[in-house]
Amino acid sequence: MKKNFLKILKCALQDVGRGHLCRLNFNGLGFKVEKITSDSFFFKVGFSHTLKICVPKGIKIYSFKNNSVIIVGIDKQKLKEFAIRIKKKKRPNVYKNKGI
């Protein structure tokens, strides 16, 4: 029990120094990043309207191309939950190779 707690504590302290990174690719016609602000993220995934997701505190989003996004944050769990929220908007289609 004590070893497990120390291992979790050690990993948490290392995460604060390095941070975590998650990359999402937008595949498909009309799938692109519209605009990124400090508190919101706008993107299109094949619908007639632009989708908006509010970015939680402690997470930053960068986009160097229109079809890929890099999400950076210290808290791994918060980062993964945010990436899953984005992925749920348009799940990947296995046959057509479209989605996030």
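Mentor: Setting aside residues up to four places away in sequence, Ser68 touches Arg23, Leu24, Asn25, Phe26, Val33, Tyr62 and Ser63. Before we go on: this is a predicted model, where local features need pLDDT of at least 70, side-chain atom pairs count only at pLDDT 80 or more, and totals for chains, interfaces and linings use all residues. Residues are numbered from 1 along each chain as its sequence is written, and side-chain values use heavy atoms, with hydrogens and water left out.

Trainee: Is Ser68 buried or exposed?

Mentor: The general idea is a cut-off on relative accessible area: buried is under 20%, exposed is over 50%, and partly exposed is in between, using a 1.4 Å probe and protein chains only. Ser68 has 8%, so Ser68 is buried. Across the chain, 26% of the 100 residues count as buried.

Trainee: Which strand holds Ser68?

Mentor: Strand β6. Helices (H or I, at least four residues) and strands (E, at least two) are DSSP runs, numbered from the N terminus. The chain has two helices and six strands, in the order α-β-β-β-β-β-β-α from the N terminus on.

Trainee: How many bridges join β1 to β6?

Mentor: Two strands pair if DSSP finds at least two bridges between them. Here β1 (residues 20–25) and β6 (residues 68–73) run antiparallel and are joined by six bridges. Leu24, for instance, stands opposite Val69 in β6. β6 is also antiparallel to β5 (residues 59–65), with five bridges joining them, and Tyr62 has Ile70 in β6 as its bridge partner. β5 and β6 make a hairpin, with two residues between them.

Trainee: What about β2 and β3?

Mentor: β2 (residues 31–36) and β3 (residues 40–45) pair over five bridges in the antiparallel sense. They form a hairpin too, with three residues between them, and Phe31 sits opposite Val45 in β3.

Trainee: Now the whole chain: what is its radius of gyration?

Mentor: That value is taken over C-alpha atoms, and the globule rule to hold it against is 2.2 Å times the number of residues to the power 0.38. A compact globule of 100 residues would come out near 13 Å, but this chain has 16 Å. Along its principal axes, the C-alpha trace spans about 55 × 35 × 20 Å. As for contacts with a separation of 6 or more, 49% are between residues 24 or more positions apart.

Note on methods. Contact = heavy atoms within 4.5 Å.
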